[in-house]
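The sequence and structure are shown first.

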Amino acid sequence: ERRFRFPEAIRNKSDMEIMNCLRVSIDHSVKMSKIDYKFVVPMYNIEFDKIQFLMPVYFDFGTTQKADLALVLNSSGGIWQIRTILPLENAFCNARLLSSLSTSWLNYKD
């Protein structure tokens with residue numbers, strides 16, 4: 001449903017390929033967040049008046065380690081939910097509402 005937000009190289013992949021890439025990327029981001037507590041970035045959602053979190057999505061774990069998108073995560077009843085997926089430009093703007101950026105994946109201008 002949100003494929004228009006994906007990079008062009010990813011849009012034409014099958015649902016299964018995208019799901020596998022997302023699974024690997026989420027596993028990587030969870031592990032990184034245990035090493036660096038600033039890896040998953042908070043943001044404030046005005047519509048729901050609550051804190052949500054931005055987690056990077058990587059479709060290519062090559063030498064650049066540049067994130068492709070950001071997942072918006074929500075905690076509800078102790079369960080983490082993926083609410084939507086954002087291009088890095090939008091994630092960059094939303095993250096700045098709450099905290100200064102100290103993570104490199106969110107620097108989409110590189």
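Rings of Phe, Tyr and Trp (its six-membered ring) are taken as a pair if their centres lie within 6.5 Å. In this predicted model, a search of the whole structure finds two aromatic pairs.

F6 and F59 form a tilted pair, with 5.7 Å from centre to centre and 35° between the planes. Distant parts of the chain are linked by this pair: F6 belongs to the segment before α1 (8-11), while F59 lies in the loop between β2 (50-57) and β3 (69-76), 53 residues apart. F6 counts as buried, at 7% relative accessibility, and F59 is buried with a relative accessible area of 12%.

The rings of F53 and W80 have centres 5.6 Å apart and planes at 70°, so this pair is edge-to-face. Here too distant parts of the chain are linked, with F53 in strand β2 and W80 in strand β4 (residues 79-87), 27 residues apart. F53 is partly exposed, at a relative accessible area of 26%, and W80 counts as exposed at 52%.

| Pair | Centre to centre | Angle between planes | Geometry |
|---|---|---|---|
| F6 and F59 | 5.7 Å | 35° | tilted |
| F53 and W80 | 5.6 Å | 70° | edge-to-face |

The serine is S25, located in helix α2 (residues 15-35). S25 has a relative accessible area of 1% and is therefore buried. A polar atom of the S25 side chain lies 2.7 Å from the backbone nitrogen of Y58. Apart from neighbours within four places in sequence, S25 is in contact with P56, V57, Y58 and F61.

Technical notes: Residues numbered from 1 in each chain as written. Predicted model: local features only at pLDDT ≥ 70, side-chain atom pairs only at ≥ 80, totals over all residues. Heavy atoms only, no water. Phe/Tyr/Trp six-rings, centres within 6.5 Å; stacked < 30°, edge-to-face > 60°. Helix = DSSP H or I, 4+ residues; strand = E, 2+ residues; numbered from the N terminus. Buried < 20%, exposed > 50% of the residue type's maximum accessible area, 1.4 Å probe, protein only. Polar contact = N/O pair within 3.5 Å; in protein donor to acceptor, adjacent residues only side chain to side chain. Contact = heavy atoms within 4.5 Å.
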